[in-house]
Each structure stands twice: as C-alpha cells, then as structure tokens.
Amino acid sequence: MEDASVWLREIITPWDIYLHGASEVLTWQRTPYQEICIVQTEAFGKKLALDGIVQSSEADEFIYHEALVQPAMLAVGRPRRVLVLGGGEGACLREVLRWRTVEQAVMVDLDAAVVAACRELLPEWHRGSFDDPRVELLHTDAVGYLEAVTEPFDVIVSDMTDPVEDGPSTFCFTQEYFAKVRRALRPDGVLALQAGPFSPPEIALHAKVIRSMQAAFPYVQSYVSVAAIYGRPLAFALASSEPIVERLDPARTAPMLDADVRGPLRYLDAEIARGLMTTPPFLRDAIAARDTIYTDGAPPQTAHAAGWEATS
C-alpha cells in the first residue's frame, strides 16, 4: 500500500462527503479499539485518521491543539498538575508542557498502539513530550481512571475522538463523565473539551454535549476554532465550578504568556483567547433549545460513516 494512491472518504452528513488524498500510507493498522492510519499528503503534510476520521494534520494541528489546551491553562493560571485524557498524538501534552509551572502531566490514552504510532511517525506533533520527566503515561480507561483520582488536578484536557456509536469515546461525553471530571478537579480547576462540530447543520451534537456539561458544572463556555483540515469549524468547551470568562482578561493572561510559557504560540495570544469566548446567537439558541442530555443510559448515538478507498 505504500505506493498506492489513497483517498480518505468522510461522510459528514448524508449530503456532504469530504475526500482527502494521500501520496503515501505510513501506517494502516487495526487495534482492539479502532483503525489507525497515518498518511503523507501533498497539501497538509502528514495526517492522522482514526476509524476513517481525520484527527489532525501537520500543517494546522497547532491551531487545534493551542485552541483546545491554552485557554484552560490561562484561566487557571500557573497550573501545576494537568491531566490529558486521550490526545494520542502527544500534541496536547506538548502544549501543557510549555508551561514552566507544570510539575506533573498525566496522560491517559486507552490505545497504546495509537501512542506508539504517533511517537514514531509524528515527532512534529509531540516534539519529545512523551519523554519529558514530568510526564506519566498510562494506557487505561479514562472513566475508570477518573473514578480513582485522589489528588485533584488544576486542568483536565479531554481530547477524545468524536462520540461515534460503539466507539472508544462513547461514554466520555455524558453527564456522569463530566461529574467524574468535576470531582477530579480542584475547586477552581478547568476542564477543556473537544466538543464536536460547530457548523449549523451539525450543531445538535455540540448543543447536547454542552447541556450535559451544564448538568455537572455551573459554568460552561462554548468556543470555536477553524483549521482547514476539518472542512468546517470545530467546537470546544470549558467548564469549571468557578466563573471562566472573567479569568481570561488579557490584562491578567498576557503577563503569564510572557513569563510562564516557553516559546511563542503560533495561533493564540491573550486577546484571541478572550475573543474566542464570544458565543454567536445561533449557538446560544441551539443550546437553549435542547432539553435532553447525554447519560450513561442514553449516550451519543452518532453513526459516522467514513472509510478508506484506494484508487489506481
């Protein structure tokens, strides 16, 4: 397969299909949990896909990972203990470890094969983060790990794959999951979550995730980033037991970026971090219109039809 012309077909809705062309397949394997494929492309460099769904690309992964991790870190301010759930590429870990104040970073990813493939083939993403002495890497179930936490974390980053039905992340978007996260955070700690698509045709999933978070946390904030590889905006969310947006005042966060963060960020600065927290009316209305939440008894039932097709 290394020399084949390969296309990744993602069916976003019954009426929308995205095709991603690849010049070389670097790895293609099935684990007990999911299908892994890393390819080389001419447009975006390397790409990682899980179960046929593109996770990130070499060209613009920094937009996704900075947008997911850094607002939560800034809201807490000088975080010491951080937990990353998922995040197999190691890029969330990379962003966490930029902070000089971080003393311990625990990463929990169920699929050791994903981490091994990314460690070998995607050094541009993790940049040696797996070998940092502050890191503890575990391959176990995120829900079970959260139940056993005894020392609270300052920040928890939940960088899971989409909640596809019967997928490894199905129960990582429910009210019960978010309640476990809240118990694992310090009182003013912050959860950062990859929270599904942001585009209006797909907004129901994100709105239900937000309502599920609101069932566990008093303060929840949606926000968005745009990385071209996904073909549409992606939504994130922050949650905390204390107010969030006020803590992202640039007068407070800009000095932190200067003093506590190694190297300039490529996407985010203090003004952008605060600006991302402005929720458009259509999203506020979509969230308000949802009166159901995801629970362990009724988790997401999202069937994502995607797959690989080889062409001659």
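Ring pairs join Tyr64, Tyr223, Tyr230 and Phe236 into a cluster; rings of Phe, Tyr and Trp (its six-membered ring) pair if their centres lie within 6.5 Å, with planes under 30 degrees apart called stacked, over 60 edge-to-face and the rest tilted. This is a predicted model, where local features need pLDDT of at least 70, side-chain atom pairs count only at pLDDT 80 or more, and totals for chains, interfaces and linings use all residues. Residues are numbered from 1 along each chain as its sequence is written, and side-chain values use heavy atoms, leaving out hydrogens and water.

**Aromatic pairs**
- The whole structure holds five aromatic pairs.
- One of them is tilted: tyrosine 64 and tyrosine 230 sit 6.0 Å centre to centre, with 55° between the planes.
- This pair links helix α1 to the loop between β12 (219-225) and β13 (234-240), 166 residues apart; helices (H or I, at least four residues) and strands (E, at least two) are DSSP runs, numbered from the N terminus.
- Both tyrosine 64 and tyrosine 230 are buried, and buried means under 20% relative accessible area, exposed over 50%, partly exposed in between (1.4 Å probe, protein chains only).
- Tyrosine 223 and phenylalanine 236 make another tilted pair, at 5.4 Å centre to centre and 40° between the planes.
- Tyrosine 223 is in strand β12 and phenylalanine 236 in strand β13, so their pair ties together parts 13 residues apart in sequence.
- Phenylalanine 236 is buried, at a relative accessible area of 0%.

**Helix α1**
- For helix α1, 16 of its 16 residues are buried.
- Just after α1, glycine 77 has a positive phi of about 80°.
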